[in-house]
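Dear colleague,

Please find below the structure that I am handing over to you, together with its sequence. My notes on what was found follow directly after.

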Amino acid sequence: MAQQEDVFKKLVAHCKEYGFVFPSSEIYDGLGAVYDYGQNGVELKNNIKKYWWDAMVKLNDNVVGLDSAIFMHPTIWKASGHVDAFNDPLIDNKDSKKRYRADVLIEEQMAKFDDKIEKEINKAKKKFGDAFDEAQFRATNPNVLREQAKRDALHARFSKALNDNNLEELRQIIIDEEIVCPISGTKNWTEVRQFNLMFSTEMGSTADGAMKIYLRPETAQGIFVNFLNVQKTGRMKVPFGIAQIGKAFRNEIVARQFIFRMREFEQMEMQFFVRPGEEMKWFEYWKAFRLKWHKALGMGDENYQFHDHDKLAHYANAATDIEFRMPFGFKEVEGIHSRTDFDLSSHAKYSGKKIEYFDPELNKSYTPYVIETSIGVDRMFLSILAGAYKEEALEGGDTRVVLRLPAVLAPVKLAVLPLVKKDGLPEKAREIMNTMKLEFNCQYDEKDSIGKRYRRQDAIGTPFCVTVDHQTLEDNTVTVRYRDTMEQERVSVDTLHAMIAKQVTGAELFKKLLE
Ligand code: GAP
């Protein structure tokens, strides 16, 4: 675990050093849980968004896009339930004066049991080697069974407290589990209180009667309130979906772990409108499609898992998360929720407008049910970087830091490197670069030795380095050096474009999604 935390620290430092992520307002000592994306970060982020948008909107002919405003009528948040129920249960330690999310403290306690079980398993794996049967070990080893029983009991008690909204019980669990504040080391806890996560501001001058409005905590509501606009103008037939990418804001109290939990972040959400009664079929469909989308990136199938929610949100009748193995354990990257007809019905009630769909096949009107897929751009960014960051020992005692990013997401697709700064090589390299940059994000670099230049590109995840040498001037061939294998190959400049395009455009990945 300590080793993993170390890797995470290095990853955060790497993000800063190579222009991926900077703390916001850094020269003013930063602003908690707010970050800026640098020259490489913005490219990676844009590529993630494009991969999502194309997979959802381009590939599914019954999904269309939307870009709704961040500011919306305040009653929307009353109707959606966010004004009354978008809360976190908070607890303070009286000695350190630090504030925590009660549910997170308990989840961390459960993770400790998981760690103990994992340690027992790893010990046994080492001891028994190939003959090790994990399922049997889990079912019979007394230490594992003891820890598992404690974990299950805690889990059951915690889920019940959350579902009953029982704040006293949450506090009692913290006391009974002897959870201490990581700063003061004491168990001197306050009561648990609910805290609303929405930011608010005012619109209009006070003289005109300013209106309190909220910064949206999810992009989803912009989709619901435009349901009829899109359905009618696009002549959409249920089932169909509306997708949107945009900023969301939450006044998170436990804002830790870098860009994992931010106060200003970006979401990629899709609401899929279905006939009532068909929602479970579509829930399973989108679960499978979204997992495929993640796995197609080749970050390792074993690094993803589903995790069903212990407590359903106020709008949901089924919900699961897609989790990725981050350096600090498996964590939620995406949520898939069956939101029933809660949102559309509630907006109909609060707005006084009829929000229904006439189904020509059934010859009747109804309020559609909704399946939502919701993924954070920033969390996806973190998961990809965490999976891609590698420190590798090379032959000859050398080391390199490489980002093994999926080529389709890499900020820079190819670097064009003249071997020396003379003999017409820079001019030839510029000529190649000028054609390639019409389609790909390229970098030209002529400074330092070729080895150093390769390392700089490895560190930002550039999949291809194209080296121009004296032979290039004679036969129009270049050396392509591949980031992951570090192998080099001589290829004709004429074939370069097709070879790179095959790897860096989404088409190959999208074929996998349609299989
Ligand atoms: N519309 C449903 C919704 O917003 P959510 O589970 O609260 O559901 C969806 O959020 C996704 O948004 C999460 O899976 C996560 O990737 C991202 N997300 C939520 N809060 C975040 C935060 N504070 N910082 C970064 N990403 C966040």
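**Findings**

F71 is found in the loop between β3 (63-66) and α3 (75-79). Please bear in mind throughout that this is a predicted model. With a relative accessible area of 45%, F71 is partly exposed. Together with M203 and M211, F71 forms a nonpolar patch on the surface, and the three residues share about 270 Å² of accessible area.

I turn next to the backbone. Most residues other than glycine have a negative phi, and most peptide bonds are trans. The peptide bond from V238 to P239 is cis, with omega near 5 degrees; P239 has its place in the loop between α10 (227-233) and β9 (240-249). D448 is not a glycine, yet it has a positive phi of about 70 degrees. D448 lies in the loop between β20 (442-444) and α15, and its relative accessible area of 33% makes it partly exposed. M486, also not a glycine, has a positive phi of about 65 degrees. M486 is found in the loop between β22 (477-482) and β23 (488-492) and, at 30% relative accessibility, counts as partly exposed.

Helix α15 covers residues 450-460, and its buried residues are R453, Y454, Q457, D458, A459 and I460. Just after α15, G461 takes a positive phi of about 85 degrees. Because R456 lies in helix α15 and D445 in the loop between β20 and α15, the pair ties together parts that are eleven residues apart in sequence. R456 counts as partly exposed at 30% relative accessibility, whereas D445, at 12%, counts as buried.

Side chains of opposite charge can pair when their charged atoms come close. The count for this model comes to 47 salt bridges. One of them joins D164 and K160, at 2.7 Å from N to O; D164 is partly exposed at 42% relative accessibility, and K160 is exposed at 54%. In another, E147 pairs with R146, with the closest N and O atoms 3.5 Å apart. Here E147 is buried, with a relative accessible area of 6%, while R146 counts as partly exposed at 44%. There is also a network of salt bridges that links E392, D398, R400, R404, R455, D458, R481, R483 and D484.

Which aromatic contacts are present? A search of the whole structure finds 24 aromatic pairs. In the pair of F240 and F273, the ring centres are 5.4 Å apart and the planes stand at 40 degrees, so the pair is tilted. It links distant parts of the chain, with F240 in strand β9 and F273 in strand β10 (residues 264-274), 33 residues apart. Both F240 and F273 are buried. Elsewhere, ring pairs link F8, Y35, F258, F260 and F328 into a cluster. Charged side chains also meet rings: the charged end of K287 sits over the ring of F306, 4.7 Å from its centre, and R290 lies over the face of W293, at 4.2 Å from the ring centre.

Finally, D343 is found in helix α12 (residues 342-351) and is buried, with a relative accessible area of 1%. Not counting residues up to four places away in sequence, D343 touches Q221, F224 and Y315.

With kind regards

Conventions:
Residues are numbered from 1 along each chain as its sequence is written. This is a predicted model: local features need pLDDT of at least 70, side-chain atom pairs count only at pLDDT 80 or more; totals for chains, interfaces and linings use all residues. Side-chain values use heavy atoms; hydrogens and water are left out. Patches are made of residues with over 30% relative accessible area and no salt bridge: like charges are joined within 9 Å, nonpolar side chains (Val, Leu, Ile, Met, Phe, Trp, Tyr) within 5 Å. Accessible areas come from the Shrake-Rupley method with a 1.4 Å probe; for residues, only the protein chains shown count as cover. A salt bridge is a side-chain nitrogen of Lys or Arg within 4 Å of a carboxyl oxygen of Asp or Glu. Helices (H or I, at least four residues) and strands (E, at least two) are DSSP runs, numbered from the N terminus. Buried means under 20% relative accessible area, exposed over 50%, partly exposed in between (1.4 Å probe, protein chains only). Contact means heavy atoms within 4.5 Å. Rings of Phe, Tyr and Trp (its six-membered ring) pair if their centres lie within 6.5 Å; planes under 30 degrees apart count as stacked, over 60 as edge-to-face and the rest as tilted. A charge sits over a ring if NZ of Lys or CZ of Arg is within 6 Å of the ring centre and within 35 degrees of the ring normal.
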